[in-house]
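Subject: Structure handover

Hello,

Please find the structure below, with the sequence. My notes on it follow.

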Amino acid sequence: MGDRENATKYALELIRFQEKNKLTPLKSNPYTQVGDNLKFYKKHQEALRYYQKALDIESQNHDLIGVAIGKNRIGNLYDDLHKNKEAIKYFNDGLIDAQKANYKLLESELLINLGRMYKKEKDFITAERYLKKAVIYSIELKATQHLKTVYTNLGGLYFDTKKYTLAEKYYL
């Protein structure tokens with residue numbers, strides 16, 4: 001509801017309660033909440049610690065979807081820090097987990113993120129491959145937001161490679 005301070009306060013209380021009482025299985029949500037709020041305030045290193053703890057919990061719980069989401073979240077944090085290679089590693093690992101879980105919508109998002117990262121790395125061929133695969137999944141899933149995002153990314157990729165006719169097609 002927009003009250004990040006109270007959200008953080010209550011999430012930290014829940015973390016303390018879980019850890020003090022050695023609850024099993026631990027819930028990753030409060031760690032993610034704190035991580036998201038810290039990331040919002042640009043406290044990236046602190047956010048990373050909470051995201052990693054959430055990822056560890058999802059791994060211990062053998063929740064492939066939670067693991068893939070956690071890796072996507074960490075990849076985005078590394079993207080914010082302009083650490084492209086680390087971001088790519090987490091996005092790739094998350095993609096593998098999303099594929100194992102057969103979670104196509106998350107696969108689509110991770111493909112878009114990988115396309116974005118490879119574009120930043122000026123590896124346009126690899127970026128295009130990931131983005132075109134994301135188009136297929138987005139159309140198949142009727143995921144219009146993902147489709148708009150991937151078309152915008154493809155437009156930018158073609159613009160950067162001076163393929164202006166193709167760029168215009170995707171932008172339109």
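Keep in mind that this is a predicted model. In the protein chain, 50% of the contacts between residues at least 6 apart in sequence join residues at least 24 apart. The chain has 172 residues, and 43% of them count as buried. Its C-alpha trace spans about 60 × 30 × 30 Å along the principal axes.

The secondary structure is quickly listed: 9 helices and 0 strands. Read from the N terminus, the order of elements is α-α-α-α-α-α-α-α-α.

Core

The largest nonpolar core has 43 residues, and Ile74, Leu114 and Val150 have the most contacts inside it. Helix α6, residues 104–120, supplies the largest share of this core with 7 residues. Leaving aside residues up to four places away in sequence, Leu114 touches Ile88, Phe91, Asn92, Leu95 and Tyr130.

Helices α5 and α6

Helix α5 covers residues 84–101; it packs against α6 with the axes 9 Å apart and an angle of about 155°. Angles over 145 degrees count as roughly antiparallel, and α5 and α6 are therefore roughly antiparallel to each other. The crossing of α5 past α6 is left-handed. On the α5 side the contact is made by Asn84, Ala87, Ile88, Phe91, Asn92, Gly94, Leu95, Ala98 and Gln99. On the α6 side the residues are Leu106, Glu107, Leu110, Leu111, Asn113, Leu114, Arg116, Met117, Tyr118 and Lys120. Sorted by class, this contact of α5 with α6 has 11 nonpolar, 5 polar and 3 charged residues.

Helices α1 and α2

The other pair I looked at is helix α1 (residues 4–20) with helix α2 (residues 29–40); their axes come within 8 Å and cross at roughly 145°. This crossing, too, is left-handed. From α1, the contact involves Arg4, Ala7, Thr8, Ala11, Leu12, Leu14, Ile15, Gln18 and Glu19. From α2, Pro30, Tyr31, Gln33, Val34, Asp36, Asn37 and Phe40 take part. The class count for α1 with α2 is 9 nonpolar, 4 polar and 3 charged residues.

Regards

Key:
Residues numbered from 1 in each chain as written. Predicted model: local features only at pLDDT ≥ 70, side-chain atom pairs only at ≥ 80, totals over all residues. Heavy atoms only, no water. Core = buried A, V, L, I, M, F, W, Y, C linked by side-chain atoms within 4.5 Å. Buried < 20%, exposed > 50% of the residue type's maximum accessible area, 1.4 Å probe, protein only. Helix = DSSP H or I, 4+ residues; strand = E, 2+ residues; numbered from the N terminus. Contact = heavy atoms within 4.5 Å. Axes fitted to C-alpha atoms, helices over the stretch in contact; angles between N-to-C directions. Parallel < 35°, antiparallel > 145°, perpendicular 65-115°, else oblique. Left-handed = near helix turned anticlockwise from the far one by under 90°. Nonpolar A, V, L, I, M, F, W, Y, C, P; charged D, E, K, R; others polar.
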